Amino acid sequence: MSPASPTYTPEKIQNDLRVLELLSNNFPNVSAASTEIINLEAILNLPKGTEHFIADIHGEHEAFRHILKNASGNIKRKVKEIYGTAMRDDAIRSLCTLIYYPERKLELLKADETDLDNFYNITLHHLVRVLQSVSSKYTRSKVRKALPKEFAYIIEELLHESPSDDDKQAYFNRIIETIISTGQADAFIVAMCNTIQRLSIDQLHILGDVFDRGPGAHIIMDTLCEYGRFDMQWGNHDALWMGAAAGNNACIANVLRLSLRYGNMATLEDGYGINLVPLATFAMETYADDPCANFTPKLNNDDILYDDKTRRLLAQMHKAIAIIQFKLEGQLADKRPEWGMQNRKLLDKIDMQRGVLTLDGKEYELKDNRFPTVDPTNPFRLTDEELELVNKLHHSFIISERLKKHIQCILLNGCMYTVCNSNLLFHASMPLNADGSLKEVAIGGKRYKGRDLFNHIGMTMRAAFNAETDSDEKDFAIDYYWYLWCGPDSPLFDKSKMATFERYFLSDKETHREEKGNYYELRNKEEVCDMILDSFDVEGEHRHIINGHVPVRISKGETPIRANGKLMVIDGGFAKAYHDTTGIAGYTLVYHSRGFQLVQHEPFSSTEEAIKNGTDIVSTTQIVELTNHRMRVRDTDKGHELSAQIDELMELLYAYRTGILKERTNGKLIS
């Protein structure tokens, strides 16, 4: 479109004058506006950046960080493309491991080197070529911002110098030699490797559940807070931890119970400084004569971190907090009767003398009938000792500075859903009626569905952490986190019940069943996915819903691609507890300029093994959807924003050239 286009008229300029005047502060004349248009047009024609989608990390920090470092195998693919015929496989593995873990791998490599200068020279040349490859789809400005300040100029020179003739080759080599001779080779290699990692992923999407049974949710959150280029769609376990951080005691009890169930003390104690001594003391005293057999933590038999005495203590603590949880949940169900959660009140259905539970008119024998803190006449009342313990645990969660920091990071970068480049991202479910229509869900006396429901839930969750929120509204918001965790119409749960009590105390497997909501069945239909995408105004020839939450059981023939390609479910089971069920160790969905690839990962051994022996996560790549043409930035949401900016700048040019706005140079009007 030219500046003289009839689209721009004096009347339109007058209507847009305030916007154009603001724009003129940054682009005060024709030259500045024209230069910016040229820059933006150049960006629009670059290849689309690579997006990574990861779901349900569940505290498995080593596997997560490794996938982040190797860009789901993309870095190794790049290295093989460049050096596949020039380097042996073991040399390629060594170079890749250096890129993933530069400091630690460098020390091992140097220990075996007899000619260190030669090693530095070869390694630096290799890294320059890899960095040139991964940075090729970005502007110089974006690459410059990704470079470490201390080496930015030198790296930029190396990246944009092509040693094709003798003079350039000498210049290139001299830079490398000087880096080595000045003793900067180690630091420079580390800087190069970190930059390769950074530029291999343009945008990271976390589809929920950073937290749960794995030992390093706090480490994952530290990584994400420093990473910066990510968005997050909140999952049920994230909501549970957010509720605990907000002070919801039922959420706190659930967090503790799950951590004790899987022996995950590291996140609580080392990660967030939660003081578990009061709980341990209470449990040892209250359940001293109780074998707590049904509460034995789920640990590997060869786990050397926990001896028999410690496992016994964990079982006692596990039962103690579980009983407290059932009491707190009963109180909350009574406080919020509109949630319809009274069916989760089961302590009052127990006949203590006979050891049976009456459920839906049928009696079931209890596997465990030891309830020393439960008063049959008032079963949901906390004893004085339990109340004191809950207050101490509450205080411990509320004052954790690291937890506060991580929750703020989650709030800043997260929401219930995201629409990005024709993809609708949310963690678990969309409440639906049996006919596939959007289901209305009541929140605070009003009913919402679809996008309005997700938006209102998101605002409610944020209200719990907003100091300016009205006290009644804040109290509701804090309570609502528990409903999000286990409420039947919660988009993060969407099941008939959470049968926690039944799994602990009843042998009949039928009582353990949790009927899934309609979405989990209907989402396999293309027309249902299209209806949901339409309701969120997701446009595009190739549009998708991307979920996590439900492990994909590859060993049972399940597939993550459903509804004729409209739906992708990428929770393959990062958590080690799922590996036997799923047969794999997680998925990463990669969306690059050529289309979608699904990367299926085998279980990760350990970081130490990867560094020492160059082992990598064994991954299998499945092509999901490829385009006929390479996608450019102009084909993305960011491209649409840049195109709109170009239109505004073109209008500004018209205003300058027709004299409606006056140009300025150095703050002075151009006469």
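Aspartate 115 counts as partly exposed because its relative accessibility is 41%; here buried means under 20% relative accessible area, exposed over 50%, and partly exposed in between (1.4 Å probe, protein chains only). The model is a predicted one, in which local features need pLDDT of at least 70, side-chain atom pairs count only at pLDDT 80 or more, and totals for chains, interfaces and linings use all residues. Residues are numbered from 1 along each chain as its sequence is written, and side-chain values use heavy atoms, with hydrogens and water left out.

Aspartate 115 is located in the loop between α7 (102-111) and α8 (116-134). Helices (H or I, at least four residues) and strands (E, at least two) are DSSP runs, numbered from the N terminus. Together with Asp112, Glu113 and Asp117, Asp115 forms a negative surface patch. Such patches consist of residues with over 30% relative accessible area and no salt bridge, like charges being joined within 9 Å. Asp and Glu count as negative, and the place of the charge is taken as CG of Asp or CD of Glu.

**Salt bridges**

A salt bridge is a side-chain nitrogen of Lys or Arg within 4 Å of a carboxyl oxygen of Asp or Glu. By this rule the count comes to 39 salt bridges.

| Pair | N to O distance |
|---|---|
| Lysine 110 and aspartate 186 | 2.6 Å |
| Arginine 451 and aspartate 537 | 2.7 Å |
| Lysine 495 and glutamate 514 | 3.4 Å |

The side chains of lysine 110 and aspartate 186 meet in a salt bridge. Lysine 110 belongs to helix α7 and aspartate 186 to helix α12, so this pair ties together parts that are 76 residues apart in sequence. Lysine 110 counts as partly exposed, at 22% relative accessibility.

A salt bridge also joins the side chains of arginine 451 and aspartate 537. Arginine 451 is in helix α21 (residues 450-463) and aspartate 537 in the loop between α25 (526-535) and β12 (544-547), 86 residues apart. Arginine 451, at 28% relative accessibility, counts as partly exposed.

**Helix α12**

Helix α12 (residues 185-200) has 16 residues and reaches 22 Å from its first C-alpha to its last, close to the 22 Å expected at 1.5 Å a residue; the expected span is 1.5 Å times one less than the number of residues. Twelve of the 16 residues of α12 are buried, so the helix is largely enclosed by the rest of the structure. Among the buried residues are Phe188, Ile189, Val190, Met192, Cys193, Ile196 and Leu199.

Key. Patches are made of residues with over 30% relative accessible area and no salt bridge: like charges are joined within 9 Å, nonpolar side chains (Val, Leu, Ile, Met, Phe, Trp, Tyr) within 5 Å. Accessible areas come from the Shrake-Rupley method with a 1.4 Å probe; for residues, only the protein chains shown count as cover.
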